Amino acid sequence: MTLEGRALKVTVFFGESDRWRHQPLHTALVELLRREGCAGATVLRGVEGFGQASRIHSAHILRLSEDLPMVLVFVDRAERVETLLPVIEGMLDGGLMTVEELHVRHYASGRAGGASA
């Protein structure tokens, strides 16, 4: 797949304990994006944060949270993103989703045997 030029970046913020049909939400989202042929996706686990309710979720040892912040980021062509946004919104029970326009300068798989970023 080639992906250069105009694209959209979607960032979805949610909690680690969020689920979709009996599986972790982050797993369900990644599987959806892969199945739909997206260019790629990354899930990041936060160490601390808060949302609309202003309740702090933290990985501090003295108050270990079971609901750490999670962030899923993916970049793809506008057409594919626009098709997927309603599906993703339907999977969220709270959280935040942002969409940004951007220009993809480089998108390629890592070289065989070489280091990748």
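These are my notebook entries on a predicted model of a protein chain.

**Ground rules**

I count residues from 1 along each chain as its sequence is written, and since the model is predicted, local features need pLDDT of at least 70, side-chain atom pairs count only at pLDDT 80 or more, and totals for chains, interfaces and linings use all residues. Side-chain values use heavy atoms, with hydrogens and water left out.

**Entry 1: the chain as a whole**

I started with the inventory and found 2 helices and 8 strands in the protein chain. Here helices (H or I, at least four residues) and strands (E, at least two) are DSSP runs, numbered from the N terminus. Reading from the N terminus, I get the order β-β-β-α-β-β-β-β-α-β.

Next I looked up burial, where buried means under 20% relative accessible area, exposed over 50%, and partly exposed in between (1.4 Å probe, protein chains only). Buried residues come to 31% of the 117 residues in the chain.

Then contacts, meaning heavy atoms within 4.5 Å. Among contacts with a separation of 6 or more, 75% join residues 24 or more positions apart.

**Entry 2: the sheet**

Which order do the strands of the open sheet take? I read β4-β7-β1-β8, 4 strands with antiparallel pairing. The edge strands are β4 (41-45) and β8 (96-104), and each pairs on one side only. From one strand to the next, the twist averages 20°. For angles, axes are lines fitted to C-alpha atoms (for helices, over the stretch in contact), and values run from 0 to 180 degrees between N-to-C directions.

Two strands pair if DSSP finds at least two bridges between them. As a reminder to myself, strands of a sheet pair through backbone hydrogen bonds, either parallel or antiparallel. I looked at β7 (residues 69-76) with both neighbours: β4 and β7 share 5 bridges, and β1 and β7 share 8 bridges. Both pairings are antiparallel.

β7 is mostly covered, with 6 of its 8 residues buried.

Is T11 buried or exposed? T11 sits in strand β1 and is buried, because its relative accessible area is 8%. Leaving out residues up to four places away in sequence, T11 touches V71, L72, V73, L96, M97, T98 and E100.

R45, in strand β4, is exposed at a relative accessible area of 54%.

**Entry 3: helix α1**

Helix α1 (residues 25-35) packs on the sheet and touches β1 (5-15), β4 and β7. Its direction makes about 5° with that of β7. On α1 I picked out E31, which counts as partly exposed at 41% relative accessibility. E31 and A41 are 10 residues apart in sequence and 9.7 Å apart in space, C-alpha to C-alpha.

**Entry 4: helix α2**

Helix α2 (residues 78-91) lies across β1, β7 and β8, at about 15° to β1. I checked its length: at 1.5 Å a residue, its 14 residues should span 20 Å, and the end C-alpha atoms are 20 Å apart, so the two agree. The expected span is 1.5 Å times one less than the number of residues.

Where is the kink in α2? I found it at L85, shortly before the proline P86, and it comes to about 35°. The bend at a residue is the angle between axes fitted to the seven residues ending there and the seven starting there.

Buried in α2 are A78, V81, L84, L85, I88 and M91. The buried residues of α2 pack against β1, β2 (19-20), α1, β7 and β8.

**Entry 5: the core**

A nonpolar core is a set of buried Ala, Val, Leu, Ile, Met, Phe, Trp, Tyr and Cys residues joined through side-chain atoms within 4.5 Å. The largest one has 20 residues, and V12, F14, L29, L33, L72, F74 and I88 touch the most other members. β1, α1, β7 and α2 each supply at least two residues, and the largest share, 6 residues, comes from α2.

I followed L33 last. Leaving aside neighbours within four places in sequence, L33 is in contact with C38, A41, L72, F74, L84 and I88.
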